[in-house]
Amino acid sequence: MKIEGVRLSIGNDSSTFNPPTYHTGILKLALERAKKIDPQDKGAAASESITALNETTAKLLTARLDTYQHIFNALEDVLMLEKNGVPSDRVPIASHYLPAYVSKVFDTAMASDDKLFHYQLYNWFLSHGLESKLLEHETPYLIPYFEQYIPDREKSLGFMYQFCNQKHQYQEAVDCLCRLPTLPSQALDLDKRIELKSQQQMEDLFIGHFP
């Protein structure tokens, strides 16, 4: 079985940098390519179950992950633009348009219905310390990812607490808070447990007064 790659790149050639569509174009092309590589989603199944993993599905999974890397290269570039502005050798973007441009790129990524991509995207967010940016988005894959794929339970429950609280899902937020003090002793020290327990009681009181 032969799986062909996709050639996409981030370059400094201003003739190829079309601000309105450049990064979103790379993103859409890569996601489209990933679907063509694995139209039956066998690679995604292999990533979730060892029983679905074989030579063919492993190749499909690897090919999809390699394709997603072009997206992450583009997102790295967007972060650079957000931090430093557009380099002088590229077609400029007016500074007051740049935040909207950055948001559009991330919104486009989050609009994908590719679950495997979403999980890899969340990994990328966390590896770059961008939890706060991740909290700006809501997808059907976000909570399952933190529930099932983050071994650091303090981090996963902490994120879900912030997410639910931000969405005014207060009961769900308290449920996450209740689970934090029950983590193994090596995860939280006594002071942290007391702090969380006090916070939980305050949240319970708030919900009791404002059902």
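This short talk walks through the helices, their packing and the aromatic pairs of one predicted protein model.

Before I start, a word on conventions: this is a predicted model, in which local features need pLDDT of at least 70 and side-chain atom pairs count only at pLDDT 80 or more, while totals for chains, interfaces and linings use all residues. Residues are numbered from 1 along each chain as its sequence is written, and side-chain values use heavy atoms, with hydrogens and water left out.

Let me begin with the overall content. The protein has 10 helices and zero strands, where helices are DSSP runs of H or I with at least four residues, strands are runs of E with at least two, and both are numbered from the N terminus. Of the 211 residues, 41% are buried, and by buried I mean under 20% relative accessible area, with exposed being over 50% and partly exposed in between, using a 1.4 Å probe and protein chains only. Among the contacts with a separation of 6 or more, 58% come from residues 24 or more positions apart, a contact being heavy atoms within 4.5 Å.

I turn now to helix packing. Two packed helices are described by the angle between their axes and the distance between the axes. The axes are lines fitted to C-alpha atoms, for helices over the stretch in contact, and the angles run from 0 to 180 degrees between N-to-C directions. Helix α1, residues 22-37, and helix α3, residues 55-84, have axes that come within 9 Å and cross at roughly 170°, which makes α1 roughly antiparallel to α3. For that wording, angles under 35 degrees are roughly parallel, over 145 roughly antiparallel, 65 to 115 roughly perpendicular, and the rest oblique. The residues of this contact of α1 with α3 divide into 13 nonpolar, three polar and three charged; here Ala, Val, Leu, Ile, Met, Phe, Trp, Tyr, Cys and Pro count as nonpolar, Asp, Glu, Lys and Arg as charged, and the others, Gly among them, as polar.

Helix α4, residues 98-110, packs against helix α5, residues 115-127, at an angle of about 140°, with the axes 10 Å apart, and the two are therefore oblique to each other. On the α4 side the contact involves Phe106, Ala109 and Met110, which meet Phe117, His118, Leu121, Tyr122, Trp124 and Phe125 in α5.

Rings of Phe, Tyr and Trp, the last by its six-membered ring, pair if their centres lie within 6.5 Å, and planes under 30 degrees apart are stacked, over 60 edge-to-face, and the rest tilted. The rings of Phe106 and Phe125 have centres 5.7 Å apart and planes at 50°, so this pair is tilted. Phe106 lies in α4 and Phe125 in α5, so the pair ties together parts that are 19 residues apart in sequence, and both residues are buried. The rings of Phe146 and Phe159, by contrast, have centres 3.9 Å apart and planes at 5°, so that pair is stacked. It links Phe146 in helix α7, residues 142-148, with Phe159 in helix α8, residues 153-166. Phe146 is buried at 0% relative accessible area, and Phe159 counts as buried at 3%.

Finally, two loop residues. Asp41, in the loop between α1 and α2, has a positive phi near 60° and is partly exposed at 38% relative accessibility. His168, in the loop between α8 and α9, has a positive phi of about 65° although it is not a glycine, and is exposed at 57%.
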